[in-house]
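Please open the structure in a viewer and keep the sequence at hand.

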Amino acid sequence: MDIHRCRFVPYPASAINAVAFSHSSLPTTLASKPQLLKHVQVRLAIGRANGDIEIWNPLNGIWHQELIIPGGNNRSVDGLVWITDADEETSNGKTILGKSRLFSIGYTSAVTEWDLEKAKPKKHASGQHGEIWCLAAQPPVLGKNGVVLPSPRKLVAGTVDGNLVLYSTEDDDLKFVKSLIRTPSKSTKMVSIAFQTRNVVVVGCSNSTIGVYDIRNGTLLRQMSLGSGVSGPKSIIVWSVKCLPRGDIVSGDSTGHVCIWDGKTYTQAQRIQSHTQDVLCLTVNADGSQIVSGGMDRRTVLYEPRAGHAGRWSKVFHRRYHAHDVKAMASFEGKGMSVVVSGGPDTSPVVYPFRTAGKEYHRVLSHLPQQTSVQSAPKARLLLSWWGNEIRIWHLLHPARKLLDGETNGTDIRKNRKLIAQIQVQGESNITSAAVSADGTLILASTATEVKAFQLHHNGKGAVHIKKVDIGASHGATKVELSPDNRWAFWVEEGTKVMVARITSTESETGPVYTISRPRKLRRIRRDVPKHLLLGGLGSYDRKVSQVAFSPDSRMLSVADLAGYIDTWVLRAPGEQQNGTSNAASDDSSDASSSDSSDDSSDDSSEEASERWYPNPKGKLLPKLDAAPVVLTFSPGHHQDDGDYTLVVITATKDLLVFNPIRGALSDWSRRNPSSKLPEQLRITRDLIKGVVWQGPRAWVYGPSFITMLDLSQDLPEPSDTGKDGPKKGTKRKRNGNDAGAGGKINKEHSFVPQQIKVAAGPEGGEYMDVDMDDQKSVGASSAYEDDDDDTDGGELQRLRDDQATNGEVSAKDSAKPKTWNTYQFRPILGIVPLSSKPPKEKKKSGDAKKEAAEDVLPLLEVALVERPTWDLELPDRYLADGE
């Protein structure tokens, strides 16, 4: 495989401004209902400065980024709040889990509710007030044993002009109710907010005060003062406030102090100088026994109660997990997890243990999207990338082999690329997805409001003329794709509606001219999902289509959703039979709700009616996956004797399954090679797989920090990690059940020196384990930003390349073919896309089957590997800590 390392492709990752979990902890009332507890849909929402909202599934420490809702022009997300309604009991004894709703603010006067299924705003509400700077949700009413009772919940917001305003969320609606209080001075800004009880709210202000208000009548119950600043601004800004379960108040301010306030007398009980600069965020655990703070000095500090001193807290330890300010954080406890997630201008979410702090490593999640934002046109050697509302198209002039072999007369490798076109997609919404045809003449792009197509005319001298192509799509799309033969355009409307349109081309003097027909809706198979599950939680969010793939011959289409269901369609002409089944029989064999291939269209031409997409007759036999798929791809060509396809699916839990979709069955290879036989390097890495690039039967699987080769023409080697210290042979390595969901346990031999320190004794006399107070990054943190010295000379990748013959072919003799291979040399990886794949030369048949099998060859694969190292990020200036 020849690689172009493309660090010139930009991807301006944005700062993290807000972090929020849908549940701070799992309901204890469901402990006796494990069958219902598994359906509780816990999600993490991350808001960025460019308006993007990311939805992450913790998945017991796997951390799968399921969705990105793109922002728009001059948009920002600066606060996020979830509201989860009370559970309901139906007449037949079923429990409908409380519905979860997500709200955001963005330094405007509006509050926005988001539709996660459609990946776009659901409602906006605004009142006669200034920009909203903070937002909090009213706690629910609790009955006996902590049961949440049905009750309306309101949102309370603080504004830049000193208003405290109330919004209603009743009846699945969002609307402004009234202004509760207006401060006498408009220069007083309400910066942070938290509920102490259901009707009492605590507000941190910019004038050195903390106000306590009753939201029923807008009464000021108490105002607490922090005094005046010393050797700096006179006013102290209270950047964050939190309330402990027993009612005490915690605040963090611009002097670097964390203050504890008595919840009954509203007097200051303790002031802790734990930061050298502003404390920007706070979080507390579910039972109020731990506090974590983050600030401008990059420190993350843990506090616990001081033994024998009621109401007194002590700083346990601090670490610097971030490269910039710690601006936002949130915590979650449940299902064996106890974690804090924080973020800031360095763009990368950091996960570190809460309950087991000091015993486990932290983990840095990738700042790059799970769904790659790069594609290629291999026939034209074009590389397409997109972000925001901009698309850029690059031309890589010469193959990597010619550059390495000196066949280009010493051409500077930096001059091998050329930016040939830039497209600005008009509108307020940013791009959700884009695709380019194999020959580089057609581009499809979508936003939340529309789907657009662009035609590229190449004049042969490096210049490109761009022309817009009319497309009959009146809605936006979350995902778009073009078929390999450039005859079909595909997109997903509102997250779940699968649309397909025919592309026709006519030749002209300047090249092909494209027209795109009116789209048709392909019906998906109806799944037997219990109604009580669809009415609660996140509703039908998990039916959102997340993956799509066309077969190499463009005659089969497959999609998969977050729930793990796979739908497939086949392209057939009228009367065409497939596997001995007529169209009518095929339709009858599919689900009644999907018996028609698509919605009827009254203006169909005879040409359009010649071929249509029909549900795969055996599609219902494909099983539901145990986890959401992160990769859905067809291997190139037909590898089955009956002409069936090879559909490869990889899930978030690293299960690799190979299906034969025409037969609706698991392939023989997949039966012989369960996921427990995957290479150990792939199984133990905590990063998720992002994509696959094919080289004949070889699948080059990659993630943010690794590349692994799997040869699907051979059985994988048996796992060698056996014995007492490793899993038994044939079993899949799983995350330790005692892990809190961050980076895994710290081994004593890997700890830094100095290792042991004095720590506070436990509240009942027990001592906590010694922890490291050093500010260095912990060993073993799953970071995608560190350079790896392995394979600096090319390693086995170079040896695999050296084995290639001068005609670009590699011997595939079974005895010499590697089955797997892995590297961590490239990181962090935005995406890998093919630039060319030279087919092997045809050889005359000798009649000797064994000799012919030994002389099989692999195509030469050339790819563009896009890396986005963190040192290329343009970060704002930050406060220099001690010693810097």
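Is F176 buried, partly exposed or exposed? The model on the screen is a predicted one. Select F176: its relative accessible area is 29%, so the residue is partly exposed, because the range for that class lies between 20% and 50%.

**Aromatic pairs**

A pair of aromatic rings is described by the distance of the centres and the angle of the planes. The model holds 11 aromatic pairs. For Y167 and F176, the ring centres are 5.4 Å apart and the planes stand at 70°, so this pair is edge-to-face; planes over 60 degrees apart are given that name.

Next, select Y321 and Y352. Here the planes are at 15° and the ring centres 4.6 Å apart, so the pair is stacked. Y321 belongs to the loop between β29 (313-319) and β30 (328-334), whereas Y352 is in strand β32 (residues 350-353). The two residues are 31 residues apart, and the pair links distant parts of the chain. Both Y321 and Y352 are buried.

Now select W488, F490, F550 and W613 together. These four residues form one aromatic cluster.

A further ring to display is that of Y565, together with K624. K624 lies over the face of Y565, at 5.6 Å from the ring centre.

**A buried alanine in a loop**

A627 has 8% relative accessibility and so counts as buried.

**Backbone stops**

Most residues other than glycine have a negative phi, and most peptide bonds are trans.

- Select A119, in the loop between β10 (110-115) and β11 (120-126). A119 is not a glycine, yet it has a positive phi of about 60°. With 8% relative accessibility, A119 counts as buried.
- Select R298, in the loop between β27 (291-295) and β28 (300-305). Its phi is near 70°, a positive value in a residue other than glycine. R298 has a relative accessible area of 12% and is therefore buried, since buried means under 20%.
- Select R827 and P828. A cis peptide bond joins R827 and P828, with omega about -15°. P828 lies in the loop between β59 (820-823) and β60 (829-838).

**Cavities**

The largest cavity holds about 140 Å³ of space. To find this cavity, select W56, W63, S366, Q370 and P704, which lie nearest its centre among the 14 residues of the lining. By class, the lining of the largest cavity has 8 nonpolar, 3 polar and 3 charged residues.

How values were computed: Residues numbered from 1 in each chain as written. Predicted model: local features only at pLDDT ≥ 70, side-chain atom pairs only at ≥ 80, totals over all residues. Heavy atoms only, no water. 1 Å grid on protein atoms, 1.4 Å probe; cavity = no way out; pocket = protein on both sides within 12 Å on 5 of 7 lines; lining within 4 Å. Points joined across faces, edges and corners; volume = space filled by probe spheres on them. Nonpolar A, V, L, I, M, F, W, Y, C, P; charged D, E, K, R; others polar. Phe/Tyr/Trp six-rings, centres within 6.5 Å; stacked < 30°, edge-to-face > 60°. Buried < 20%, exposed > 50% of the residue type's maximum accessible area, 1.4 Å probe, protein only. Helix = DSSP H or I, 4+ residues; strand = E, 2+ residues; numbered from the N terminus. Lys NZ or Arg CZ within 6 Å of the ring centre and 35° of its normal.
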